[in-house]
Amino acid sequence: MIQLVIGQLLNGAIVGALYGIVALGITLTFGITGIVNFALGAFMMLGAYFTWYGYEMMRLPYPVAVIGAVVLVGLFGLFADRGLFRFTRNNLVNGLLVSIGLISIIEASVLLIWTSTPKDLTYVLPGSLRIGGILLPKIKLAVFAVLLLVIGATYLALTRTWVGRAAFAYSQNPEAAALMGVKTDRLQTVVTVYSTALGGLGGALYASLYSLEPTLGAYYVLKAVESAILAGIGNTIGALVGGIIIGITEGIGSVFLPTAFRDGYGMVFLVLILLFKPSGLLGSK
Amino acid sequence: MTRIIPIVAFASAVVAPLLIRSDSTFAIITFGFLLAALAVSFNLIFGFTGQLSFFHAAAFGVAAYMTAILVSDYGWSFWAAIVPALLAVGLLALAVGAICFRFKLREFYFAVVTMAFSEMIRLVVVNWNSVTNGTLGMTVTAQPTLWLPTGSISLTGARTWYYVALLILVATYIICHRVLASWIGRCFAAIRLNEQLGETLGVNIFMYKLLSFVLGSTLAGLTGCFYGFYTGFIEPQYLSITQSLDIVAMVLLGGVNSLFGPVIGGMLLTALPHAINLTAELRIILYGAILIFVIIVMPSGIFGLFSRPRHAV
């Protein structure tokens, strides 16, 4: 029993970190452009498929395939921003709907090109480590480490570099930031593209853990939005914490309560947070 | 102009069957009517009260399931089953709405919480196998009977359902129209335009938001009651977020600022993919492209092209 619980705890944390990286994209985009980009799930799915294509079809080494996929997804993000999201800044409902249109286009295109047959590359890094009686697959540990590293690096970039501080300032007070010489339009594009690249990275790593289907993004982006809200939207490290909390709640929840309602546990938690502490778990007010 | 269009449109819909020959055309238009009715009731909450609800599909689905279960498993008459189904939807909406509005959830947060409630209801439907038959869905074989002075007719056949669907649409439309023309409609507008100001002027924000949400959701339930009996099939997909989003897309395509806009949007989005012969994937791509096009190029929707706001707000 104890082992099962600890196993679920670790598993939940790893899945939660995946939620977290998409949640980070959601939070950043929301802070800077005022929209919730649900299409990040579709970009995540694209990242996963590109990685699969690079590794399986083009025989690239896995890390190269991941980097290639992230860059490609970033490019798609750039097109999406210049062509679409540029017109929906600070308009929540329109942004939501444009991202939904984009999701339909991306998902259906992937279905057309690669069909709905699940793709699998979970054999990238076989083997597992045994730590105190608990078996942990190496690949999960590697993915977890990369995710923590990227989220940590993003946090450092936001607090230490000029662009990051500009983004931070802008999310606090757009007018003041603009007066201090932050180029609004460029900043918004950079953040949107970076967020899609984060989604792409989440997908690229996801590809090594589970089999791929064109609909995987829809599920993850919902969890990511939950995670982002849970910790308080706009909070960088909070996105990771929120993701891990949701991941663990689901993991532990399905040990003690029926697994069928797995997706519901995170949601109950989210609703309670929104009702009683709308600024999020880590929020100040 | 904006007053005449709906009357002309509904009147021509009454006589249109004289010109329609094929059953498939009837089917497409019937689906169009039913989804347009959903879009109209949704716009009461979204366009006129300014609350982006993701509960609409759940309201629709719960009513569809409940009517079907009462009729098939408990042998109720269809018309009798509508009453508890609508009551259940109304009470659910009352509970969800009361929670959301009591805690003053707005915009995005309201959308997310209604989405969460809607998903929880869907999970219950998916997993309550003994009653709902889970992901497989239920087949509805019973056919409701309608008693007329001339004798009873069973609701079957393309032409009959065409008129049933039209009746539901017109009923939904008229109810929304009457509500919006009354003082209630002005309170909704106050909430949409400036909540704080409305409150200062003595509008009970909580009550009217709740009224809009419960009324809109119950009307969605009304469509749901009939929908399952028309298609002969009910599945958990009815309650999905995708279904809610489809409704949002219809409303936006038609025009948010009008009562008739959603009718156009609903009809078009239902009919268009069938009018052009496409594979399922290309159809979804076209759907996404239309959605994006409308938002970016025509933000006030198709009906917005015909009408100009009477007052600049």
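Two residues are in contact if their C-beta atoms, placed from the backbone, lie within 7 Å. In this predicted model, local features need pLDDT of at least 70 and side-chain atom pairs count only at pLDDT 80 or more, while totals for chains, interfaces and linings use all residues. Residues are numbered from 1 along each chain as its sequence is written, and chains are lettered from A in the order in which they are written.

Leaving aside neighbours within four places in sequence, Ile21(A) is in contact with Leu147(A), Val150(A), Ile151(A), Leu198(A), Leu201(A) and Gly202(A). Ile21(A) is also among the residues that touch the most other members of the largest nonpolar core, which has 194 residues; others include Leu97(A) and Leu34(B). Such a core is a set of buried Ala, Val, Leu, Ile, Met, Phe, Trp, Tyr and Cys residues joined through C-beta atoms within 7 Å, where buried means 20 or more other C-beta atoms within 10 Å of a residue's own. Helix H2 (residues 23-45) of chain B gives the most to this core, with 14 residues; helices are DSSP runs of H or I, at least four residues, and strands are runs of E, at least two.

Overall values for chain B follow.

| Property of chain B | Value |
|---|---|
| Secondary structure | 14 helices and four strands |
| Span of the C-alpha trace along principal axes | about 55 × 45 × 45 Å |
| Buried share of 313 residues | 47% |

Between the chains, 29 residues of chain A are in contact with 28 residues of chain B. H4(A) supplies the largest share of the chain A side, 14 residues.

How values were computed: Buried ≥ 20, exposed ≤ 12 C-beta atoms within 10 Å, placed from the backbone.
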